[in-house]
Amino acid sequence: SEDVAEFALRIGDDGLILAQRLGHWISRAPELEEDIALGNIALDQLGHARSFLTYAGAAWGKSEDDLAYFRREHEFRSAHLFEQPNGDFAVTIARQFIVSFYQYELYSKLMESTDATIAAISAKAVKEVDYHRDHSAQWVLRLAGGTDESRARIIQGFKLVWPYVDELFEDDQLTTRLAGAGVTVQPSSLRAEFDRLTGNIMAEAELEIPGVPQSLGGGRRGKHSEFLGYILAEMQVLAREHPGASW
Amino acid sequence: SEDVAEFALRIGDDGLILAQRLGHWISRAPELEEDIALGNIALDQLGHARSFLTYAGAAWGKSEDDLAYFRREHEFRSAHLFEQPNGDFAVTIARQFIVSFYQYELYSKLMESTDATIAAISAKAVKEVDYHRDHSAQWVLRLAGGTDESRARIIQGFKLVWPYVDELFEDDQLTTRLAGAGVTVQPSSLRAEFDRLTGNIMAEAELEIPGVPQSLGGGRRGKHSEFLGYILAEMQVLAREHPGASW
Amino acid sequence: AAGQAYFDRIISEDSRIEPRDWMPAAYRKTLLRQISQHAHSEIIGMQPEANWITRAPSLKRKSILMAKVQDEAGHGLYLYSAAETLGQSRDQMMEDLIAGKARYSSIFNYPTISWADMGAIGWLVDGAAICNQVPLCRASYGPYGRAMVRICKEESFHQRQGFEILLELSNGTPAQKQMAQDAVNRWYAPSLMMFGPPDDDSPNSKQSMAWNIKRFSNDELRSRFVGMMVEQVRVLGLTLPDKDIRFNEETKKWEHGPLDWNEFKEVLAGRGPCNSQRVERRREAHENGAWVREAAVAYARKQAQKENAA
Amino acid sequence: AAGQAYFDRIISEDSRIEPRDWMPAAYRKTLLRQISQHAHSEIIGMQPEANWITRAPSLKRKSILMAKVQDEAGHGLYLYSAAETLGQSRDQMMEDLIAGKARYSSIFNYPTISWADMGAIGWLVDGAAICNQVPLCRASYGPYGRAMVRICKEESFHQRQGFEILLELSNGTPAQKQMAQDAVNRWYAPSLMMFGPPDDDSPNSKQSMAWNIKRFSNDELRSRFVGMMVEQVRVLGLTLPDKDIRFNEETKKWEHGPLDWNEFKEVLAGRGPCNSQRVERRREAHENGAWVREAAVAYARKQAQKENAA
């Protein structure tokens, strides 16, 4: 249905935009092992995005590439967190930490979706995201407990990305309708477990939840930050130069 | 003539690409005075570029915007130096130092071009570039003679941009024909004075000419580094989304 | 006491206080807060526009935009200088800004998401700024008033450029016209809120007016602004997203529809889409530039030593 | 002496030398140079391809490209590990690379200026690499040979992907086909030069062959490669930019036109279009990552202390 497609678009766009960000790290990471690890996470995110976009597109007669390359900024449905710049490695880790714990809760619930396709994609995704959780949590502990510099950086990293947490857990009319139909759950219902699990790691790392105001968001309604335009300009440039071509 | 247009295109592209690079500094400079100074240099470079591109385009029935926004990478004629990334402030200053002393020599000679338009644009440009020379030379002295860090950075900055010096002074068939007609001089003839004047400042700053190999270049034949594609993707994205529109 | 008497006389004569004159601590504090906030707004306000410099759709527009953002840096400099005459250093003000302790105009916490925003900012945001600032040219504090004179001249130039951008878009392709209308829709309400809260919710205004800093109330200025915009939007061939706008024949004033002061407060409290990004960008520029500023100081010191030695 | 005898026997039996075995200093040095150079090539070779990850024109291609560049990081790791068994640390090798003291395959100093370069690199550059590397799977030094086995498997996968990219472009729009042909034109000669200088100008080859590191001469491998490409380019519907290619019926070998060894030497000497950029990017990544590596070490140390204390 249109609702399910719109919902799949949101999750797909999250993964697509994050994969685009993470892809920039490959060949620039702090060590080769991280080129590989961040590359893996990017590949997983892109893989999930492709599944969800393909499913969303099916409802509108569009392919994953139609959706990725030929929509404009206000037609993207990703939340603001996913388009935040990579910053240094600490910012990337802080962003990934939040993303992975959020996605794990989401996909865990979507495995039981009444929509068989969403359930199937999520069942596969949740296993991969479990690894992402572990990867980012380990780095949060290492950076927080490493050197003075790394501790200062991870604190600053969390400060920068934390304003975009609330948006992930916002309910709206679409999620309300879909939750009613058992396709998904209300995002707000994922928050407690997210808080508990991230809180455990933060506590172990002796980090505090940053006391920064939450941004108003709006990504699910196509209202984005100034970053998305640049991301799309780069991502879409070649495909748009050759409309209709196949690759 | 076609030759003159091609020549104007080279100089115009140099300025356009550099203005694009410098424009990024505005709102990001080390102090407000430098937001203004780098902005001024960017504006001057863009101004010269517009004059030269307008003149080049006249020969082909194209506007400055046709040339700036609707050519592809291999059709640009800028030298590699101009597309080098901003790096830190030291890299930007090192790049600007080379550019300004090169352009000063070039425009000084072009003021006497047998082509009246080129002579007129250059007569105006040379005064502005004289200020750019002074600005970058002062900063080279300050950075080289400031702190240990600033000295290390300006040395590294020069090391990064120096490989692209030779290309500026390369003669080819076009410059040979145009030098014969008195439209321009051979780029190689500008080298001695460039070396003398930059050498004086470098000596005063107690900096050595970096002993780095010269890159093969090729910008004048449309062979660019990997940087130009990104610059154009960003610069052209909006114009290309609305072909034929006026702004 | 002699100081207070002199100060009171100057104010009552609508003359000017200068940096060396005695002034009440509260007057100094109010001015310092207002001028530094104004300076910060110029500096932070560079960002939403700088966002389109590299993507401007024609070279002419790129050139105009670069010059405009550069002018804003200049305005910031004038204003920091004026604030410095009140005894606070630019460095300190910058530190406060970066630490999130200083305010700037809340409107710059909205993103510029299309080229038309360059038009809407010029037309609406600079337009509102001018309405606010023209009376400030007569502010009782000399350095502030004089800075405002210079700034207002350039601002009105900027406003016209913004108007021209929108006019060109409005007369362009349907996609361009829609881009323009969308930008006006997004910037209209925030620009009205630039005048500050309604008069009955603006406790400090009265004192500022008594000191001849402020000359008109927030609502008075807002109403004038609405009147100007109503006229100009017709020329643009666009509409203002406010069906309640009307000219009140009794009061002879323009009235507008209700504004979402709740959102205003949210953004002021740091919840705008770009608050974090704006301060972070400034912090980054400042911190990345620290070594350059240190080098300049060190070099100047060494040169001075050489000259002394010679 | 016993060591030398054992070594000679192993080599003559075409068996394998293992890390703990005695080996001549020159053998160790040659291998170390070759393996580290090979590792560096994998790492630097990530850059020209990473250059198109964010711009890949379809999600499928983006995914394949990401996986490929990531594989190269993996190859680098295997090879650095193999080199470490000869007594040099990865850190030291990385330092040498960044300092510009270590070599890597010169072909990565050319820029990737179109998407078709992803195809040409896969088909030609990986193709040449495979021709070079398949015999290395039998190299006399065990860890090297085993690393090559793993690498070759993945490389042939990469080559097929490159071929597919070109095939799709060649069957696509005229612009796409031209993009493909242009890329083949640019990468053809550099890929032939990957096999190293002509045999009569390759003084070290003989010793390497005697030690069972190298199995075939540069020209021999180059000729085989040309033969393979001649066949495959027909399937692609493209041409090789070499009108002198011919099969010599007498020698039963493929021959190619003259190569510009002068340019090869220039690029080797650091004058390639991207030499400076490639090393700088590696330097930047390494230096920007220093604090992360230090943090990981510090954390591990603290954890170990805690466990010891417990």
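How much area do chain C and chain B bury between them, and what percentage of it is on carbon and sulfur atoms? Chain C and chain B bury about 4,000 Å² between them, with 66% of that on carbon and sulfur atoms. Buried area here is the accessible area (1.4 Å probe) that two parts lose on being put together, summed over both. Leu59(C), Gln70(C) and Trp291(C) supply 20% of what chain C buries against chain B, more than any other three residues.

A word on the ground rules. This is a predicted model, in which local features need pLDDT of at least 70 and side-chain atom pairs count only at pLDDT 80 or more, while totals for chains, interfaces and linings use all residues. Residues are numbered from 1 along each chain as its sequence is written, chains are lettered from A in the order in which they are written, and side-chain values use heavy atoms, with hydrogens and water left out.

Contact means heavy atoms within 4.5 Å.

| Chains | Residues in contact | Buried area |
|---|---|---|
| C and B | 45 residues from chain C, 47 residues from chain B | about 4,000 Å² |
| D and A | 45 residues from chain D, 47 residues from chain A | about 4,000 Å² |

**Chains C and B**

One salt bridge (a side-chain nitrogen of Lys or Arg within 4 Å of a carboxyl oxygen of Asp or Glu) is counted between chain C and chain B. Its partners are Glu33(B) and Arg90(C), whose closest N and O atoms are 2.4 Å apart.

On the side of chain C that touches chain B, H3(C) gives the largest share, 13 residues. Helices are DSSP runs (H or I, at least four residues), numbered from the N terminus. By residue type, that side of chain C holds 25 nonpolar, nine polar and 11 charged residues. Nonpolar covers Ala, Val, Leu, Ile, Met, Phe, Trp, Tyr, Cys and Pro, charged covers Asp, Glu, Lys and Arg, and the others, Gly among them, are polar.

**Chains D and A**

Between chain D and chain A the count is one salt bridge, joining Arg90(D) and Glu33(A) at 2.4 Å, N to O. The polar contacts here come to 17 residue pairs. H4(D) gives the most to the side of chain D that touches chain A, with 13 residues.

Conventions: Helix = DSSP H or I, 4+ residues; strand = E, 2+ residues; numbered from the N terminus. Polar contact = N/O pair within 3.5 Å; in protein donor to acceptor, adjacent residues only side chain to side chain.
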